[in-house]
Amino acid sequence: MGVFGRIRDGLSLIAAVKARPRDGLSLRDLVKEEIRTVFAAVDRPIVVVQHPKVTLVVGVNGTGKTTTVGKLAHVLKNDGHAPLICAADTFRAAAVEQLDVWATRAGVDLVRAREGADPAAVVFDAISSGKAKGRDPILVDTAGRLHTRVNLMQELDKIRRIASREVAGAPHDVLLVLDATVGQNGVTQAREFMSAAGVNGIVLTKLDGTAKGGVAVAIAHDLKLPIRYVGVGEGIDDLVPFSVEEYVNGLFEDKW
Ligand SMILES: Nc1nc2c(ncn2[C@@H]2O[C@H](COP(=O)(O)OP(=O)(O)OP(=O)(O)O)[C@@H](O)[C@H]2O)c(=O)[nH]1
Ligand SMILES: [Mg+2]
């Protein structure tokens, strides 16, 4: 599949490329330049007025939320931060156990509650514990949910309300974890979670497979959301900050 196939939703991108003066550049270079422009326009830093920073990780079932929280704790710890993981997926005991394994791997503490507890209450506990122990940021893993499940979306709302009551401006970061293999469906998921859960950034997982992640351009272009990290495997070192250059080169890896 050619690059234009991968960025189907980027039709206006192609129009923009056509409108550009060629200046002797190849079509490929013009497209690359246009894609860089799209990402540059949405690259804005997160302002944290009050600490600890609270990062909420959300998304539909099985996209890689829990794995991402574990890897992210590892990345941030290596960067000199002291993260704390909060297990706000209280539906299944197995979910907390899975996160516990990741917390141990990353060498960070986990705040958990009994199975079936109110996720917002666990977030409250984690923020209190973070404040008391000087942990920052608080990384909150949540249960997978479809945006159509009103009660589950209200649960996210409650988590957000509690967080903002405890720390001004929290949650500072609401990361939607998207499975790159779902293709352009990701745009729909992102749009829904953006309006229902205040998503302000994307983590694109499973880019180690065949997916090229063309959806990233569409999300940045259509929804003005930045891609913060990409998941490139199941190991602890397999989360990397999104790099526009690597991404653009990846899109153009094969001949077209
Ligand atoms: N290859 C690959 N697999 C990944 C990546 N991220 C997550 N996975 C795998 O995807 C599966 C689901 O990951 P989880 O982290 O449990 O997903 P989740 O979103 O927490 O799932 P729920 O809590 O059930 O909604 C696991 O088998 C992970 O190992 C990635 O970047 N690459
Ligand atoms: Mg999970």
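Predicted model: local features only at pLDDT ≥ 70, side-chain atom pairs only at ≥ 80, totals over all residues.
Several polar contacts to oxygen atoms of the ligand were identified. A side-chain N or O atom of threonine 67 lies 2.5 Å from an oxygen atom of ligand 1. Backbone atoms also take part: a polar backbone atom of threonine 63 is 3.2 Å from an oxygen atom of the ligand, and a polar backbone atom of glycine 231 is 3.3 Å from an oxygen atom of ligand 1. Taken alone, the ligand exposes 660 Å², of which the protein buries 79%.

Salt bridges were searched for across the whole structure, and 13 were found. One of them joins arginine 36 to glutamate 245, with the closest N and O atoms 2.5 Å apart. This pair connects distant parts of the chain, since arginine 36 belongs to helix H3 and glutamate 245 to helix H10 (residues 244-251), a separation of 209 residues. Both partners are partly exposed: the relative accessibility of arginine 36 is 25%, and that of glutamate 245 is 36%. Because buried residues are those under 20% and exposed residues those over 50%, arginine 36, at 25%, falls in the partly exposed class, as does glutamate 245 at 36%.

Within H3, the buried residues include Leu30, Val31, Lys32 and Glu34. Ile35, Val38, Phe39 and Val42 are likewise buried in this helix. Arginine 36, which forms the salt bridge to glutamate 245, is by contrast partly exposed.

A further salt bridge brings together the side chains of arginine 112 and glutamate 97, at an N to O distance of 2.7 Å. This pair, too, links distant parts of the chain: arginine 112 is in the loop between strand S3 (110-111) and helix H6 (119-133), whereas glutamate 97 is in helix H5 (residues 93-106), 15 residues apart. Arginine 112 has a relative accessible area of 39% and is therefore partly exposed. Glutamate 97, with a relative accessible area of 39%, is also partly exposed.

The side chains of arginine 165 and glutamate 166 meet in another salt bridge, at 3.8 Å from N to O. The two partners fall into separate accessibility classes. Arginine 165 counts as exposed because its relative accessibility is 58%, which is over the 50% limit. Glutamate 166, at 18% relative accessibility, counts as buried, the limit for that class being under 20%.

A cis peptide bond joins histidine 51 and proline 52, with omega about 0 degrees. Proline 52 occupies the loop between helix H3 (27-42) and strand S1 (54-58). A cis peptide bond is also present between alanine 170 and proline 171, where omega is about -10 degrees. Proline 171 is placed in the loop between helix H7 (150-166) and strand S5 (173-179).

Positive phi values occur at lysine residues in loops. Lysine 206, although not a glycine, has a phi of about 65 degrees. This residue lies in the loop between strand S6 (201-205) and helix H9 (215-223), and at 33% relative accessibility lysine 206 counts as partly exposed. Lysine 224 likewise has a positive phi, near 60 degrees. Lysine 224 is found in the loop between H9 and strand S7 (227-231). With a relative accessible area of 45%, lysine 224 is partly exposed.

Terms used:
Residues numbered from 1 in each chain as written. Chains lettered and ligands numbered in written order. Heavy atoms only, no water. Helix = DSSP H or I, 4+ residues; strand = E, 2+ residues; numbered from the N terminus. Buried < 20%, exposed > 50% of the residue type's maximum accessible area, 1.4 Å probe, protein only. Salt bridge = Lys/Arg side-chain N within 4 Å of Asp/Glu carboxyl O. Polar contact = N/O pair within 3.5 Å; in protein donor to acceptor, adjacent residues only side chain to side chain. Areas by Shrake-Rupley, 256 points an atom, 1.4 Å probe, with all protein chains shown as cover.
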